[in-house]
Amino acid sequence: QLVLVESGGGLVQPGGSLRLSCAASGFPFEYYAVGWFRQAEGKEREGVSCIYNNSGGGGTTNYADSVKGRFTISRDNAKNTVYLQMNSLKPGDTAVYYCAAVRKRVCTTEVGYYDYWGQGTQVTVSS
């Protein structure tokens, strides 16, 4: 079983930054596409970003329009970790953030695409 653990959430003021980490264990990680999702109170879980290894061996990324230009996803396969760098945070970014993985070489930001999920980490953007 692939186990995912998120960390890095917390309270930040509008305009601030956070970096979330998703650490994987239990299986070689490089074969998995990884997505970041978030769920605000009273709302459906939505895709934020995802990353996968393209045919050339580099990471290929997708972003939701709401975070494009502000968030950056990356992965370090040697560390079995995926990151989400979040800049210019807004109150609307407040949510529980989850990472998810599936043994695929491509990714989407669709919830149903993923087999393995972390426990989530709370991000609160407030002054």
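Q: What sits over the ring of Trp-117, and how far is that from the ring's centre?
A: Look for Arg-45: its charged end is over the Trp-117 ring, 5.0 Å from the centre. A charge has to be within 6 Å of the ring centre to count, so 5.0 Å passes the distance test. Keep in mind that this is a predicted model.

Q: Which residue puts its charged end over the ring of Tyr-31?
A: That's Arg-103, with 5.5 Å between its charged end and the ring centre. The limit is 6 Å, so this value passes too.

Q: What makes Cys-22 and Cys-99 a disulfide?
A: Their sulfurs are 2.1 Å apart. The cut-off is 2.5 Å, so the pair qualifies. In general, a disulfide is a covalent bond between the sulfur atoms of two cysteines.

Q: Where in the chain are Cys-22 and Cys-99?
A: Cys-22 is in strand β3 (residues 18–25), while Cys-99 is in strand β9 (residues 95–102). They are 77 residues apart, and the pair links distant parts of the chain. Both Cys-22 and Cys-99 are buried. The link is right-handed, with 65 degrees about the S-S bond.

Q: How do you know that Cys-50 and Cys-107 are joined by a disulfide?
A: Check the sulfurs again: they are 2.0 Å apart. That is within 2.5 Å, so the pair counts as a disulfide. A search of the whole structure finds two disulfides. Counting bonded cysteines along the chain, the pattern is 1-3, 2-4.

Q: Which parts does the pair of Cys-50 and Cys-107 tie together?
A: Cys-50 lies in strand β5 (residues 46–53), and Cys-107 lies in the loop between β9 and β10 (116–117), so the tied parts are 57 residues apart in sequence. Both of these cysteines are buried.

Q: Which residues touch the most other members of the largest nonpolar core?
A: Trp-36, Leu-84, Met-86 and Tyr-97 do, out of 27 residues in that core. Elements giving two or more residues to this core include β3, β4 (33–39), β8 (81–86) and β9. Apart from it lies another core, of eight residues, with Cys-50, Ala-100, Cys-107 and Tyr-114 among them.

Q: What is Met-86 in contact with, leaving aside its neighbours within four places in sequence?
A: Once those neighbours are left aside, its contacts include Leu-18, Leu-20, Phe-71, Tyr-97 and Val-123.

Q: Why do Tyr-32 and Tyr-116 count as a ring pair, and of which kind?
A: Their ring centres are 6.2 Å apart, and the limit is 6.5 Å, so they pair. Their planes are at 70 degrees, which is over 60, so the kind is edge-to-face. Tyr-32 is in the loop between β3 and β4 and Tyr-116 in strand β10, 84 residues apart.

Q: What kind of pair do the rings of Phe-37 and Tyr-114 make?
A: With centres 5.3 Å apart and planes at 75 degrees, this pair is edge-to-face. Phe-37 and Tyr-114 are both buried. Together with Tyr-113 and Trp-117, they form one aromatic cluster.

Q: What makes Asn-80 and Ser-88 stand out in their phi?
A: Asn-80 has a positive phi of about 55 degrees without being a glycine, and Ser-88 has a positive phi of about 50 degrees, again without being a glycine. Most residues other than glycine have a negative phi. Asn-80 is in the loop between β7 and β8, and Ser-88 is in the loop between β8 and β9.

Q: How do you know whether Ser-21 counts as buried or exposed?
A: Its relative accessibility is 15%, which is under 20%, so Ser-21 counts as buried. Ser-21 lies in strand β3.

Note on methods. Residues numbered from 1 in each chain as written. Predicted model: local features only at pLDDT ≥ 70, side-chain atom pairs only at ≥ 80, totals over all residues. Heavy atoms only, no water. Helix = DSSP H or I, 4+ residues; strand = E, 2+ residues; numbered from the N terminus. Buried < 20%, exposed > 50% of the residue type's maximum accessible area, 1.4 Å probe, protein only. Core = buried A, V, L, I, M, F, W, Y, C linked by side-chain atoms within 4.5 Å. Contact = heavy atoms within 4.5 Å. Phe/Tyr/Trp six-rings, centres within 6.5 Å; stacked < 30°, edge-to-face > 60°. Lys NZ or Arg CZ within 6 Å of the ring centre and 35° of its normal.
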